[in-house]
Amino acid sequence: MNIILFTADEISAPLPHSDPRAAHILDVLRRRVGDTFDAGLIDGPRGKGTLVAVTPGALALAFAWDAAPPPPPPPIALIVGLPRPQTARKILNEATALGVAEIHFAATGRGEPSYALSTLWSTGEWRRHLVAGAAQAFCTRIPRVTWTQTLPEAFAALSADAIRIALDNYEAPQSLSRFLASLPPRSAHEPPRPLVLALGSERGWTAAERDLFRASGCVLAHLGPRVLRTETAAIAAVTLARAHLGLM
């Protein structure tokens with residue numbers, strides 16, 4: 001981790017030795033009493049932590065925060081047909097590291113309903129992968145995540161002015177990069193329009209879901225002729241979207 005992240009209620013309490021962050025401070029960063037390390041408040045400012053004391057059970061820490069938090073993530077939202085848990089873990093981590101505002105895992109016609117019952121979701125494990133992705137990116141921002149909506153519900157909740165793109169290997173008439181390049185440029189002072197990228201579950205979209213996309217003003221686009229894993233397609237699509245916004 002390139003920055004150690006904390007919640008607001010953690011910074012006033014000792015950090016137990018059993019916490020992986022304590023091991024990282026002592027064993028990886030090799031900090032000793034009086035040393036500092038990069039720290040951040042989740043969805044808040046970055047700053048410096050100081051190792052004040054090491055007791056048999058915990059670390060005593062103190063913090064000094066920067067005046068302002070990092071900027072919010074770019075207005076990119078992912079809608080992903082609910083994948084198997086190990087794929088969702090990769091997407092949560094890597095999409096957060098790249099920087100997106102929202103990730104919505106939605107039930108789709110060809111998806112496996114039992115994936116929603118995974119301990120990834122029921123135990124809150126999913127949040128740990130967001131924090132790990134943000135720590136990798138030296139950022140405190142984590143995206144908003146949902147996993148209980150259907151695909152129509154996820155689309156109904158989108159911003160009305162969002163640019164909507166569904167990735168599809170079969171019926172898309174153009175590549176994602178070509179479509180993004182065709183969008184009109186914005187002025188330097190104009191905020192970017194929200195951009196939504198929808199990726200199918202492992203078995204792809206149904207005909208009814210393609211009809212939903214077209215009815216909601218969604219453009220179909222592809223990532224080239226190669227068939228990619230869901231997590232690979234998600235990262236490739238977010239990378240192209242960030243490049244379109246001038247962030248890469």
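Residues are numbered from 1 along each chain as its sequence is written. In this predicted model, local features need pLDDT of at least 70 and side-chain atom pairs count only at pLDDT 80 or more, while totals for chains, interfaces and linings use all residues; side-chain values use heavy atoms, with hydrogens and water left out.

**View 1. A parallel sheet of seven strands.**
Here the strands follow the order E8-E7-E6-E11-E9-E12-E10 in an open sheet with parallel pairing. Helices (H or I, at least four residues) and strands (E, at least two) are DSSP runs, numbered from the N terminus, and two strands pair if DSSP finds at least two bridges between them. At the edges sit strand E8 (144-146) and strand E10 (174-175), each of which pairs on one side only. Helix H2 (residues 85-98) packs on this sheet and touches strand E6 (76-81), strand E7 (102-106) and E8. The direction of H2 makes about 165° with that of E7. Contact means heavy atoms within 4.5 Å; axes are lines fitted to C-alpha atoms, for helices over the stretch in contact, and angles run from 0 to 180 degrees between N-to-C directions.

**View 2**
The bridge partner of Ser-175 in E12 is His-222.

**View 3. Helix H2 against helix H4.**
Two packed helices are described by the angle between their axes and the distance between the axes. For H2 and helix H4 (residues 125-136), the axes come within 7 Å and cross at roughly 35°. The crossing is right-handed, the term for a near helix turned clockwise from the far one by less than a right angle, with anticlockwise giving a left-handed one. On the H2 side, the contact is made by Arg-89, Leu-92, Asn-93, Thr-96 and Ala-97. H4 brings Glu-125, Trp-126, His-129, Leu-130, Ala-132, Gly-133 and Ala-134. Sorted by class, the contact has six nonpolar, four polar and two charged residues. In this sorting, Ala, Val, Leu, Ile, Met, Phe, Trp, Tyr, Cys and Pro count as nonpolar, Asp, Glu, Lys and Arg as charged, and the others, Gly among them, as polar.

**View 4. A mixed sheet of five strands.**
This open sheet has the order E1-E3-E4-E5-E2, and its pairing is mixed. Its edge strands, E1 and strand E2 (15-16), each pair on one side only. E2 and strand E5 (residues 58-65) run antiparallel and are joined by two bridges, with Leu-15 opposite Leu-59 in E5. H1 packs on the sheet, touching E1, E2, strand E3 (36-41), strand E4 (46-54) and E5. The direction of H1 makes about 145° with that of E1.

**View 5. The largest pocket.**
On a 1 Å grid over the protein atoms alone, a pocket is an open set of points with protein on both sides within 12 Å along at least five of seven lines, a cavity is a set where a 1.4 Å probe fits but cannot get out, and lining residues have an atom within 4 Å of a point. Grid points are joined across faces, edges and corners, and a volume is the space filled by probe spheres set on the points. The largest pocket has a volume of about 460 Å³. Its lining holds 23 residues, with Asn-169, Gly-200, Ser-201, Val-227 and Leu-228 nearest the centre. Helix H8 gives the most to this lining, with three residues. The lining divides into nine nonpolar, eight polar and six charged residues.

**View 6. The second largest pocket.**
This pocket has a volume of about 360 Å³. Of its 16 lining residues, Met-1, Arg-21, Arg-128, Val-131 and Ala-132 are the closest to the centre. Strand E1 (4-6), helix H1 (20-28) and H4 each supply at least two residues, and H4 gives the most, with five. By class, the lining has ten nonpolar, one polar and five charged residues.

**View 7. The largest cavity.**
The largest cavity has a volume of about 40 Å³. Its lining consists of Leu-82, Arg-110, Gly-111, Glu-112, Tyr-115, Ser-201, Glu-202 and Arg-203.
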